[in-house]
Amino acid sequence: MPMTITEKILAEHADVDSVNPGDLIQVDVDLALANDITAPMAIEVFEDLGTEDVFDREKIAMIQDHFVPNKDIQSAEQVKIMRTFVLEHGIRHFFELGETGIEHVILPERGLISPGDLVIGADSHTCTYGAMGAFSTGVGSTDLGVIMATGKTWLKVPGSIRVVFEGKLPRWVGGKDLILHTLGILGVSGAVYQSLEFAGEGIAQLSMAHRFTMANMAVEAGAKNGIFEPDDITRRYVEGRCERPGSFYRSDPDASYERVIPIQLDSLEPQVAFPHSPDNVRPLSAVKPIRLDQVFLGSCTNGRLDDLREAASVIKGQKVAKGTRFIVIPGSPAIYRKAMKEGILETFMEAGAVIGPPCCGPCLGGHMGILASGEKALSTSNRNFKGRMGHSESEVYLANPSVAAASAVLGRIGSPAEI
Amino acid sequence: MIVEGRAWKFGDHVDTDLIIPARYLNVSDKKTLAGHCFEDLRPDFALGVRQGDILVAGVNFGCGSSREHAPWAIKAAGVGAVVAKSFARIFYRSAFNIGLPILESEEASQQIVEGDALQLDFETGEIMERHGEKRFLARPVPQFMRSIIEAGGLVAYVKKAQGQGLKA
């Protein structure tokens, strides 16, 4: 029976020959992860279940990234709960400050995810690993607590929507613009309970960083997962990095899709999502001058080395506009150090940016760079819900890293072509 | 399971940042979370909500982050059930996992107004306005999922099943 890549990975992990959309299946989990916000509740569930040991101490990752370095006593207590649990159960994948970074950046970077894996995380952006041809999705803390005890969970097999990108990527257009444009077509509930599969010659040359950005935001359409078929670019990324070789699945040519969306790239412009929804997108040329109080470059969406390089190439030799704050947060210590060695951090600081330690930063309005009432920010992150980055009367616009850098210089939303 | 309370109306795409803003995610205590539920969207909610009250919303309720703090804040505030046209995937799962009754009904979502006195039968899926003629039948919930809610959530359900000698 013809299957999509998502269906093949699910069938493999349910130990059955084939699955159909709508099937309820029980699957084995290759990696379960939680962060400093969701882990304490998952640990409470695990302890309440009364199970003595975790199912596999090698297959659980606990990442401190949302409120680190801890911003207050409460967040320090949350991490302390994680740290105590990690020591007690010998959990292998826990990273202290200096090693830790954004969960969806460091887990692939450290080779803990392989193509063909089934990964479940107590974080909605767990879908990021679809960039590597893995099935990954977010759940709540209770599901994760049960997985820590049993190594299994139940899933409904999603139908698939195939988004096919044709043509060539214009200058200044990248993965962020492709996914924002897709969100504009689908809407924030356009893929609820579905899998989003990204395909076509238009994305064949996309680097892993751009693919991570796209898979990351599949959940913004309500999707269960976002996925790419792994190819030579994936192979180069995983070789010498991943602990396990992984399985490279491809969708069968005659697999069935609930919907196929063709997108022509040749005329695509950088996209901007307006408040207060990631699907409220407009092409950059249709954006009237909007003054910005803050620009944020970073997050699990756009905090990778390629993102920093692109932004640095725009801002090099320029100055951040007076009255605008520019916050740059590399997604991991490895990215931070490479950016330092390449002179990228110097470029940003020379321009007047402030560099933060690897963490989620102001993306969710909890730490480092929170907005006051009436302020406007442009962010490379994934969500611009009302109040997302601070006061409920603040506004967030989403865009790609080069638009972010240009906007920091201009003090308003603008194009890198203007610099 | 019968839930009785007043309707609080919400629109489409109510996201988890609106249900419980991230600035309160440095705690896991459910009562504390309940005190900030819908703080930015409806500042009158946390103080005004009464035991058993029912939220009635549009499409994609609970979209956004996976924070289980969101359904917990709603439940700990005393909300008896949530009725919506549809729910976001992770919220839907988590609501059952923590024992918060939720039902999907397009008609109920459209026709119920703020303050309606409602009675909801979780077993039959019937939603009734107690003083008028409004009556709706929600999309049925499978028996095993109703059992999870009736047990008070997935952990209680598994423990109960284990106590009865069943394999969880």
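What follows is a chat about a predicted model with chains A and B.

Reader: Let's start with the sheet in chain A. In what order do the five strands come?
Author: The order is β4-β3-β2-β5-β6. The sheet is open, and its pairing is parallel.

Reader: Which are the edge strands there?
Author: They are β4 (93-94) and β6 (135-138) of chain A. Each pairs on one side only.

Reader: How many bridges link β2 and β3 of chain A?
Author: Four bridges. β2 covers residues 31-35 and β3 covers residues 60-63, and the two pair in the parallel sense.

Reader: Which residue of β3(A) is opposite A:Leu33?
Author: A:Ala61. Another pair is A:Ala34 with A:Met62, its bridge partner in β3(A).

Reader: And which way do the residues of β3(A) point?
Author: A:Ile60 and A:Met62 point one way. A:Ala61 and A:Ile63 point the other way. All of them are buried.

Reader: On to helices. How many residues of α2 in chain A are buried?
Author: Eight of its eleven, so the helix, residues 39-49, is mostly covered. The buried ones are A:Ala39, A:Pro40, A:Met41, A:Ala42, A:Ile43, A:Val45, A:Phe46 and A:Leu49.

Reader: What covers the buried residues of α2(A)?
Author: The cover includes β2, β3, α3 (73-89) and α5 (141-150) of chain A. It also includes α8 (154-163) of chain B.

Reader: Which residue follows α13(A)?
Author: A:Gly411. Its phi is positive, near 75°.

Reader: Switch to chain B. In what order do the seven strands of its sheet come?
Author: They run β4-β3-β2-β1-β5-β6-β7. This sheet is open too, and its pairing is mixed.

Reader: Why is one side of β4 and of β7 left without a neighbour in the sheet?
Author: β4 (102-104) and β7 (135-137) of chain B stand at the edges, and each has a single partner strand, so one side of each is left without a neighbour in the sheet. On average, neighbouring strands are turned by 25° against each other, direction ignored.

Reader: Do β5 and β6 of chain B run parallel or antiparallel?
Author: Antiparallel. Four bridges join β5, residues 117-121, to β6, residues 126-129. In β6(B), B:Ile127 is the bridge partner of B:Leu120.

Reader: Where is B:Gly5?
Author: In strand β1 of chain B, residues 2-9.

Reader: Why does B:Gly5 count as buried?
Author: There are 21 other C-beta atoms within 10 Å. The cut-off for buried is 20 or more.

Reader: Which residues does B:Gly5 touch?
Author: Leaving out residues up to four places away in sequence, they are B:Arg50, B:Gly52, B:Asp53, B:Ile54, B:Gly80 and B:Leu118. B:Arg130 is 125 residues apart from B:Gly5 in sequence and 9.8 Å apart in space, C-alpha to C-alpha.

Reader: Last topic, helix packing. At what angle do α4 and α5 of chain B pack?
Author: About 50°, with their axes 9 Å apart. α4 is residues 69-76 and α5 is residues 89-98. The two are therefore oblique to each other.

Reader: Is their crossing left-handed or right-handed?
Author: Right-handed. The contact is made by B:Ala70, B:Pro71, B:Trp72 and B:Lys75 of α4(B) and B:Phe91, B:Ser94, B:Ala95 and B:Ile98 of α5(B).

Reader: How do those residues divide?
Author: Six are nonpolar, one is polar and one is charged.

Conventions. Residues numbered from 1 in each chain as written. Chains lettered and ligands numbered in written order. Predicted model: local features only at pLDDT ≥ 70, side-chain atom pairs only at ≥ 80, totals over all residues. Pairing = 2+ DSSP bridges. Axes fitted to C-alpha atoms, helices over the stretch in contact; angles between N-to-C directions. Parallel < 35°, antiparallel > 145°, perpendicular 65-115°, else oblique. Left-handed = near helix turned anticlockwise from the far one by under 90°. Contact = placed C-beta atoms within 7 Å. Nonpolar A, V, L, I, M, F, W, Y, C, P; charged D, E, K, R; others polar. Buried ≥ 20, exposed ≤ 12 C-beta atoms within 10 Å, placed from the backbone.
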